Structure formats: C-alpha cells, structure tokens
Amino acid sequence: MNKRLSAIRHVALDMDGTIYRGGTLFETTEPFLALLKELGISYTFLTNNPSKSVTDYLAHLREIGIAATEDQLYTSTQATIEYLSEEWPQVKRLFVLGTPSMCAEFSGVGFILVPDSPEAEPDAVVVGYDTTLSYPRLCRAAWWISRDKPYFGTNPDRVCPTDQPTVMVDCGAICAALEAATGHKPAAVLGKPDPAMIRGILHQHNLQPQNLAMVGDRLYTDIAMAHRAGALGVLVLTGESDAEDAAQYSPAPDLVVADLAEFGAQLRSCPNRAKSYPDGASSPNITKPGSGAAKRSPNRIIPA
Ligand SMILES: [Mg+2]
C-alpha cells in the first residue's frame with residue numbers, strides 16, 4: 001500500500017458524505033485539502049449530478065467554505081461531453097432533456113441543441129437529471145429514440161437523495177421511462193460508476209490510473225468506479241457505508257479509512273513520497289506524462 005500511496009499525484013473527491021454532509025463541511029476537509037497542497041497532490045471534486053453547472057457548484061462550495069476553481073470540478077455533464085466528443089465525433093446535433101444550465105454546457109462547447117419539433121432532427125438524444133422535465137419534451141425524446149437515434153444518460157442514479165418529503169426522479173428513472181416507451185436501451189450511461197469520470201480527470205492532468213486516488217463514501221459508485229478505472233479506491237466511513245459493508249463488498253476498497261484525516265495521515269507518512277515522483281511513470285504498463293499518448297486517444301490505457 002505504501003508503494004501505491006507514494007504514486008498518488010491526484011485525489012478525486014466525492015462530495016456528499018465525503019467532504020460534507022448536506023450543507024455542513026466536515027471538520028477534516030479543510031486540513032486535508034491543505035495537506036494535499038503541501039504534498040503537491042492536486043485534487044478534483046466529482047459529482048454525478050448534472051442538473052447544476054460547474055459555476056453553480058463552485059458557488060455551493062464557496063458557501064460552505066471551500067475555494068475551488070473551475071478545473072477542480074468534474075461533473076457527469078463534462079464526462080458525457082468528453083465521451084461524446086471522443087467516441088461519437090459524428091454527433092453534433094442533440095435533443096437534450098436537461099436543465100438550462102446543463103444545456104448551456106453542451107451548447108457552450110459547440111453542440112447544436114435542436115428544438116422540440118419533428119422537423120428538427122438530432123443526431124442523438126442526451127438525458128440528464130432534468131429537474132425542468134416537461135411531458136412534451138419527454139415524448140419528443142422517445143420519438144427520436146424510437147427513430148433509432150442513440151441516447152445517452154448523464155448518470156445512472158434513479159433518484160437523487162433528499163431530506164424533503166418527495167422523491168427526486170433522477171436520470172436513471174427518466175431513461176427507464178424512455179426505455180419502457182421505446183424498447184431501446186441507452187447507448188451509454190456516464191457518471192459514476194462509469195470510469196469515464198476518472199478518465200476525464202486523468203486526461204486533464206496527463207496522469208495514469210495508478211497516480212489517482214478516488215475517495216468516496218459509496219461502494220457501488222465511488223469504489224466500483226475506482227476499480228474499473230484502475231485507480232486507488234479509498235472508502236471513507238463518513239457517509240453511506242460502514243466497515244461491515246466494506247468488508248462484504250467485492251471488489252474490496254483498496255483502503256478503508258474512518259475519515260479524510262486518516263487518509264491524509266497515511267499519505268503524509270508513506271515513505272519515499274517525494275522521491276517517488278515522477279518515477280510513478282516508469283513502471284512498464286504506463287506512459288510517461290507528456291508523451292502525448294495519454295491525451296484524448298480513444299485507445300485509453302484502462303483495465304477492463
Ligand atoms: Mg457520496
């Protein structure tokens with residue numbers, strides 16, 4: 001484990017249950033982020049929720065006391081955009097079920113968002129956690145899907161957790177309605193546990209999977225994604241899972257810690273940490289940072 005920890009150059013952090021609960025920042029979060037800076041380890045905050053934009057999230061983080069920059073935030077919208085750009089380069093025109101801020105992120109990078117009309121034919125349909133969903137648009141999405149247009153979900157969550165007396169119907173449930181109506185399955189569903197979230201961060205920082213630790217409180221999203229991406233999966237027991245859940249889960253998390261403070265202590269105390277950099281790039285399975293091969297190549301070096 002010390003060897004694996006000494007290769008860590010970047011930490012991807014789940015948010016709810018990992019750095020805060022609801023609106024309250026954990027006491028351990030700020031010291032942990034300060035330690036990462038001290039150790040020269042960069043970090044990104046991850047979220048499956050595409051209903052808010054990067055700007056919205058930065059404002060939320062600021063409100064609870066974390067100063068973050070745009071490139072420190074990675075949402076499932078960005079994962080979807082990156083995936084479409086890489087894997088479906090012919091897709092330019094989209095019919096999108098998403099909030100105005102999600103739609104703006106797609107149009108902001110050059111996608112053409114078609115209006116709700118049988119004449120405005122898209123190349124594909126994108127389904128998000130659309131808190132502004134309307135019945136006519138849901139029907140239009142089903143129409144295009146029934147006409148064999150591929151559709152993509154931004155995240156698999158069927159509901160978004162809430163403490164309010166309601167059920168927040170999320171992207172996975174909207175996709176399920178579309179599938180029931182058309183008989184067609186989504187061509188892909190991004191967001192955790194799909195490893196595209198981690199791949200995007202690795203590309204951004206020109207790192208290899210073994211240089212990244214994914215820290216989260218959910219086994220079947222955070223830890224499953226880390227495993228699928230070949231990154232270090234660190235479970236914190238400050239959210240959904242307890243030690244017993246962790247012991248029963250397969251594949252097991254690489255590391256189980258009580259909280260971010262414990263993970264920080266392990267990072268700090270791992271021997272050869274300074275010396276290991278950039279030797280992490282010299283093991284046989286990985287490409288040296290800066291060689292270009294790690295950039296947006298479709299043949300990414302990700303274990304299946
Ligand atoms: Mg969480």
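**Sheets and helix packing**

Mentor: Please keep in mind that this is a predicted model. In it, Val127 stands opposite Gly153 in β9.

Trainee: Which strand is joined to β9 by 3 bridges?

Mentor: Strand β9 covers residues 151-153, and its partner runs parallel to it. The partner comprises residues 124-127. The strand is β8.

Trainee: Which strands stand at the edges of the sheet of 5 strands?

Mentor: The sheet is open, with parallel pairing and the order β7-β6-β8-β9-β12. Each edge strand has a single partner strand, so one side of each is left without a neighbour in the sheet. The edge strands are β7 (112-113) and β12 (188-189).

Trainee: Helix α6 lies across which strands?

Mentor: Helix α6 consists of residues 135-146 and runs at about 140 degrees to β6 (93-97). The strands it lies across are β6, β8 and β9.

Trainee: How are α6 and α7 oriented towards each other, parallel, perpendicular or oblique?

Mentor: Two packed helices are described by the angle between their axes and the distance between the axes. The axes of α6 and α7 (residues 171-182) come within 10 Å and cross at roughly 55 degrees. That angle makes α6, relative to α7, oblique.

Trainee: Is the crossing of α6 and α7 left-handed or right-handed, and how do the residues of the contact divide?

Mentor: The crossing is right-handed. From α6, Leu138, Ala141, Ala142, Ile145 and Ser146 take part, and they meet Ala177, Leu178, Ala181 and Thr182 in α7. The residues of this contact divide into 7 nonpolar, 2 polar and no charged.

Trainee: Over how many bridges do β1 and β13 pair?

Mentor: Strand β1 spans residues 10-14 and strand β13 residues 212-216, and they pair in the parallel sense. Within this pair, Val11 stands opposite Ala213 in β13. The number of bridges is 4.

Technical notes. Residues are numbered from 1 along each chain as its sequence is written. This is a predicted model: local features need pLDDT of at least 70, side-chain atom pairs count only at pLDDT 80 or more; totals for chains, interfaces and linings use all residues. Two strands pair if DSSP finds at least two bridges between them. Helices (H or I, at least four residues) and strands (E, at least two) are DSSP runs, numbered from the N terminus. Two residues are in contact if their C-beta atoms, placed from the backbone, lie within 7 Å. Axes are lines fitted to C-alpha atoms, for helices over the stretch in contact, and angles run from 0 to 180 degrees between N-to-C directions. Angles under 35 degrees count as roughly parallel, over 145 as roughly antiparallel, 65 to 115 as roughly perpendicular and the rest as oblique. A crossing is left-handed if the near helix is turned anticlockwise from the far one by less than a right angle, and right-handed if clockwise. Ala, Val, Leu, Ile, Met, Phe, Trp, Tyr, Cys and Pro count as nonpolar, Asp, Glu, Lys and Arg as charged, and the others, Gly among them, as polar.
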